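Hi,

Here is the structure I promised to pass on. Please open it alongside these notes.

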Amino acid sequence: MRIILFIAFIALSFSSCNVYKDIETQEVSDIRITKMFDKGIFAEVDIRVFNPNNFKVSIVAVEGDIYLNDKNVGNAQLRKKVMLGKKSNEIHTIKIEGDYTDTRGVLLQTLIGGLFSQSMNIKVEGSMKAKALLLGKSFYFEVDQDVKMN
């Protein structure tokens with residue numbers, strides 16, 4: 001019984017103080033579409049992620065809206081959790097699934113227009129859920145960047 005009370009006390013202590021700092025998404029270095037199908041795409045995004053905490057953190061969920069040249073073209077979900085080392089500032093490959101069922105026409109129009117330009121603005125904003133020290137926390141994130149078209 002004492003052990004259960006001790007664990008409950010520690011959990012409440014961690015949840016009431018700000019020992020868990022926000023994860024920061026920084027820059028996208030590469031985007032690869034690995035599969036396209038009738039309702040969406042699978043993609044891999046190489047992104048620099050900063051973990052300011054003194055402990056490892058797992059990103060377990062991502063929900064975000066995807067914009068190409070300021071047009072909403074769908075939403076993205078995380079396909080595989082990502083482990084961040086303590087005090088790390090590294091590039092991670094994040095596997096996402098994009099759903100563009102409702103915006104397929106806008107996506108195709110924007111992609112075709114992007115074929116004839118030097119770069120395309122990509123913006124993803126939403127929330128990510130991370131877990132560490134038996135605690136979960138949600139963070140807002142936004143990545144807004146011009147990507148060169150090859």
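The charged end of Lys123 sits over the ring of Tyr67, 5.7 Å from its centre. The test for a charge over a ring: NZ of Lys or CZ of Arg within 6 Å of the ring centre and within 35 degrees of the ring normal. Arg79 also lies over a ring face, that of Phe42, at 4.0 Å from the ring centre.

This is a predicted model, so local features need pLDDT of at least 70 and side-chain atom pairs count only at pLDDT 80 or more, while totals for chains, interfaces and linings use all residues. Residues are numbered from 1 along each chain as its sequence is written, and side-chain values use heavy atoms, without hydrogens and water.

Next, the strands. E7 (residues 119-132) and E8 (residues 135-148) run antiparallel, joined by 14 bridges. Strands are DSSP runs of E, at least two residues, and helices are runs of H or I, at least four, numbered from the N terminus. Two strands pair if DSSP finds at least two bridges between them. Val124 has Val143 in E8 as its bridge partner. E7 and E8 form a hairpin with two residues between them. Leu133, in the turn, has a positive phi of about 50°.

Last, Ile23. It lies in the loop between helix H1 (2-16) and strand E1 (24-37). Ile23 counts as buried because its relative accessibility is 4%; buried means under 20% relative accessible area (1.4 Å probe, protein chains only). Beyond its neighbours within four places in sequence, Ile23 has contacts (heavy atoms within 4.5 Å) that include Val49, Pro52, Leu84, Met128 and Phe139. Ile23 and Leu84 are 61 residues apart along the chain, with 9.4 Å between their C-alpha atoms.

Best wishes

Notes: Buried means under 20% relative accessible area, exposed over 50%, partly exposed in between (1.4 Å probe, protein chains only).
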